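Please look at the sequence and the predicted model shown below before reading on. The report that follows goes through confidence, cores, strands and salt bridges in turn.

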Amino acid sequence: MAFSPDGHTLATGSTDGRARLWDVTTGRTRTVLDGHGGEVWSVAFSPDGHTLATGSTDGRARLWDVTTGKTRGTLIGHTDQVNWVVFSPDGRTLATGSADSTARLWDVATGKLRGTFTGHSEWIYSVAFSPDGRTLATGSFDNTAKLWDVATRKPRATLKGHTKAVWAVKFSPDGRTLATGSADNTARLWDVATGRPRITLTGHRAPAWALAFSPDGRTLATGSEDETVRLWDVATGTTRTVLHGHRGAVEAVAFSPDGHTLATGSDDKTTRLWNLHTGAAREILTGHTAPVRSAAFSPDGRVLATGSEDGTVRLWDAATGKARATYTSSMGTVWSVAFSPDGRTLAAGHDYQKVQLWHVATGKRGRTFSADNGSVWSVAFSPDGRTLAAVSEWNTAQLWDLATGKARPTIAVTEGAGFAVKSVGFSPDGRTLATAIADTTVRLWDVTTGRRRATLAGHTNKVQSVAFSPDGQTLATGSDDQTARLWSVATAKSRATLTGHTGPVYSVAFSPDGHTLATGSDDKKMRLWDVRTGKARATFAGHTGAVYSVAFSPDGRTLATTSDDRTVRLWDAVLPETDAAIQTVCRNVNEDPTQDQQVSLLLGRSVGRVCPST
């Protein structure tokens, strides 16, 4: 696939033997280009946007008039399928790569052959011009990439290092770096001047089939047979984001000219558009001097509170990310923070069995409560604001009446077994208390009587976090067994196990509409999950330490994460959800779309949505 130079049109090639031009804004098909006698494996726009080139398994390349959709020329000469087409920067020359193990240069104006590159021992899958047009790169099934002098057609360098076929090659916008994608599940960055490898990008679990540099050259996108797209920091080689959603190998990726949108094409017969500004870290909040353990938004969404091992609570302006206040005490680490439902009071769970209340408006201390045992891992207000719950290092849940300040009967959560209680949460109706326990279980309690209602068993290691869905019907849990789970509150049975994290899951949080679950993990990543299907929507990378806490703003538009790296991050988290919106886009694709014509316009990091066949 390829964007037109103005970014208004997307071209796609298909196994149905056709190429299509799409209006990026509306998702509608503009033109269907029909003429090849085989699958269309590659498309490319000329620099002026007037011509589209296509390569096909019929062994031919074609040039098309973008305005009329008519064929301008057919380039005949290859003796096997044409795997790749690309225009030179000046638009005068087209390069093609073929399964006949050659690359060829063609005069765009006349359609005549200008030259042939021979040297690979297996078929050539991809070709790319350097930005100055002087160098051609080729990637081959012989496990190498080559750099060629366009004028002499002689090889400048052979790039060796991949252990399997090289599927894709791309130059960075400044021409100094070449990216290669391989069947060995890696992508590599090479120094063009020396031909030496710079960085090997590892993370895909299957071949990396497609590559694209962002227009500023700072980000590389890779598409893989593992059905994901990864965005990489070119300078460091670290993964920035993993995009989930395709249900087949991702064979094409392309950035829009402004860099705001990424297009991906897959064997699942869909094309997807991803808004790269959505799901990006909007602000990085610094100021804490030790790992940041917890975060909570005020009920009006204007303030974010964070608690840290540095012993402080900090208040931040959620809109600007600027610090508003710092609360200090001598009670050690702040393990948990929570706002009262009216937003006037903040509770902080500390070391030394202490819970400290703060008046948000004045920054003055309120009551201090003493828990029964050890550090207070988690605190929660009841929905009516009358009760505060806290769980501590050793086996109890303590409840306090906030009007009187008096303790209510303590719940022996582990019933004398002595396990740490890691997290606590009230159901939306305030009648049930959920506790996460280090013995691998979750227990539900009747708030009024203190009696146990149910035990949720299924995790295989410590349970670190609990959260009720907004409707109270589902409980989410995160565990050291590297999974999150969704449970039916009514039946106490597991509905779904969410797998993907590679470290303990420390935090879980539902979006306000209940459709999305966020999880934070020791693997330094936050993931978003579709609650209905249990499937991953997106992975957000950026923290350099474990993600200890995740929290949605009340409007669901912002996610806050806290980390062992001492930072707090605010992320845009707008995820289109309504079936009506998806169906509207699908209707605009075509009146009666075939599967190959289906397009899923995902203006965010949501996944798993495919327009239905009609």
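## Confidence in the model

The mean pLDDT of the protein is 88, with 91% of its residues reaching 70 or more. Among the elements of the protein, strand β55 (residues 599–602) has the lowest mean pLDDT, 32, while strand β18 (residues 177–182) has the highest, 98; strands here are DSSP runs of E with at least two residues, just as helices are runs of H or I with at least four residues, numbered from the N terminus.

Because this is a predicted model, local features need pLDDT of at least 70 and side-chain atom pairs count only at pLDDT 80 or more, whereas totals for chains, interfaces and linings use all residues. Residues are numbered from 1 along each chain as its sequence is written, and side-chain values use heavy atoms, with hydrogens and water left out.

## Cores and the strand β13

In soluble globular proteins, nonpolar side chains tend to be buried together. In this model the largest nonpolar core has 20 residues, and those with the most contacts inside it are A95, V127, F129 and L136. Such a core is a set of buried Ala, Val, Leu, Ile, Met, Phe, Trp, Tyr and Cys residues joined through side-chain atoms within 4.5 Å, and buried means under 20% relative accessible area, exposed over 50%, and partly exposed in between, with a 1.4 Å probe and protein chains only. Strands β9 (82–87), β11 (103–107) and β13 (124–129) each supply at least two residues of this core, and β13 gives the most, with 4 residues.

β13 is mostly covered, as 6 of its 6 residues are buried. It is joined by 5 bridges to strand β14 (residues 135–140), and the two run antiparallel; strands pair if DSSP finds at least two bridges between them. β13 and β14 form a hairpin with 5 residues between them, and G133 in the turn has a positive phi of about 75°. Within this pair, F129 stands opposite L136 in β14. Not counting residues up to four places away in sequence, F129 touches several residues, including V86, A95, L105, L136 and F171.

## An open sheet

An open sheet of 4 strands has the order β29-β30-β31-β32, with antiparallel pairing. Strands β29 (292–297) and β32 (323–328) stand at the edges, each with a single partner strand, so one side of each is left without a neighbour in the sheet. Strand β31 (residues 312–317) is joined to β32 by 5 bridges, and V313 stands opposite Y327 in β32.

## Salt bridges

The structure holds 12 salt bridges, each being a side-chain nitrogen of Lys or Arg within 4 Å of a carboxyl oxygen of Asp or Glu. Three of them are listed here.

| Pair | Closest N and O atoms |
|---|---|
| D34 and R18 | 3.3 Å |
| R537 and D530 | 3.2 Å |

D34 lies in strand β4 (residues 29–34) and R18 in strand β3 (residues 18–23), 16 residues apart, and D16, R18, R20 and D34 are linked in a network of salt bridges. D446 is buried, with a relative accessible area of 15%, whereas R453 is partly exposed at 44%. R537 counts as buried at 1% relative accessibility, and D530 is buried as well, with a relative accessible area of 7%.

Conventions:
Contact means heavy atoms within 4.5 Å. pLDDT is the predictor's confidence in each residue, from 0 to 100.
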